[in-house]
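Thanks for coming, everyone. Let me put the structure on the screen, and then we'll walk through it together.

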Amino acid sequence: MNESCGTSPIVGFRFTLSPMTDDFVGTIKGALKGTNMTGVWRHTDDVSTVIRGRAEHVFDVARTVLSLASEEGRHVSMSGTFSVGCPGDSAGDEVLEAPPQPLNGISREQYVSSQFALYPMGAENYMDLIYDEIEQAKQAGVYNDSMHYASGIHGNLDDVFSYYEAAFNRTREKNRHVVMTVTFSVNSPSHGGRHA
């Protein structure tokens, strides 16, 4: 385990939501407003939104924002970075006192395709940790494909986010500072009508 990084349990996710619609502003604002963010600290600027809190709340909020943004059949993508253990991370630490139960409930049935890259920072055996999670994805039935600089994960929205949350948490148990980049695509014409 890397002992040199931060010890705060707070997890962060900075993301950009990209609805393929003329009303992208309304779609983004509507998804953010419709999501219960009681368990996270949030800040939105002109480029992205960052949420911080306990892992279960951060993943719950991220999933719900994507679900709401795509609920009317719009093609939506979300790209972002999950991080834990970054030295100096402290903004929003008060939300760690939130009850552990996620607040947004189960999403509707929705197919999502995604790609991720996992970075156990400072770990000498980082490739072993990455391969472990690729194997977990195969066992969970959400593995899609290997590719340059990423691995593909797809399936039902809840199943995909459950895998990512579990992979992130398993890796942080072995290494304090973990970064995971993810890009999601929902309702893409490339999915051949797989919208549920």
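**Helix α1 and its neighbours**

Start with the buried residues of α1: they pack against β1 (11–19), β2 (40–44), β3 (49–53) and α2 (55–69). Contact here means heavy atoms within 4.5 Å. Helices (H or I, at least four residues) and strands (E, at least two) are DSSP runs, numbered from the N terminus.

A word on the source. This is a predicted model, where local features need pLDDT of at least 70, side-chain atom pairs count only at pLDDT 80 or more, and totals for chains, interfaces and linings use all residues. Residues are numbered from 1 along each chain as its sequence is written, and side-chain values use heavy atoms, with hydrogens and water left out.

Back to α1. Which residues are buried in helix α1, residues 24–34? T27, A31 and L32 are. Buried means under 20% relative accessible area, exposed over 50%, and partly exposed in between, with a 1.4 Å probe and protein chains only. Seen down the axis of α1, the buried residues fall within an arc of 125°, so they line one face of the helix. That arc is taken from the directions from the helix axis to the C-beta atoms. The face turned away from the buried side of α1 carries the exposed residues K29, K33 and G34.

Next, the rings. The structure holds ten aromatic pairs. Rings of Phe, Tyr and Trp (its six-membered ring) pair if their centres lie within 6.5 Å; planes under 30 degrees apart count as stacked, over 60 as edge-to-face and the rest as tilted. Take F13 and F15. Their ring centres are 5.2 Å apart and their planes at 20°, so the pair is stacked. F13 counts as buried, at 0% relative accessibility. F15 is buried too, at 3%.

Now F116 and Y163. Here the ring centres are 6.0 Å apart and the planes at 80°, so this pair is edge-to-face. The pair links distant parts of the chain: F116 sits in strand β5 (residues 111–120) and Y163 in helix α4 (residues 157–174), 47 residues apart. Both F116 and Y163 are buried.

There is also one aromatic cluster, formed by F13, F15, F59, F82 and F168.

Finally, the whole chain. How many helices and strands does the chain have? Four helices and eight strands. Along the sequence, they follow the pattern β-α-β-β-α-β-β-α-β-β-α-β. Of the 196 residues, 49% count as buried.
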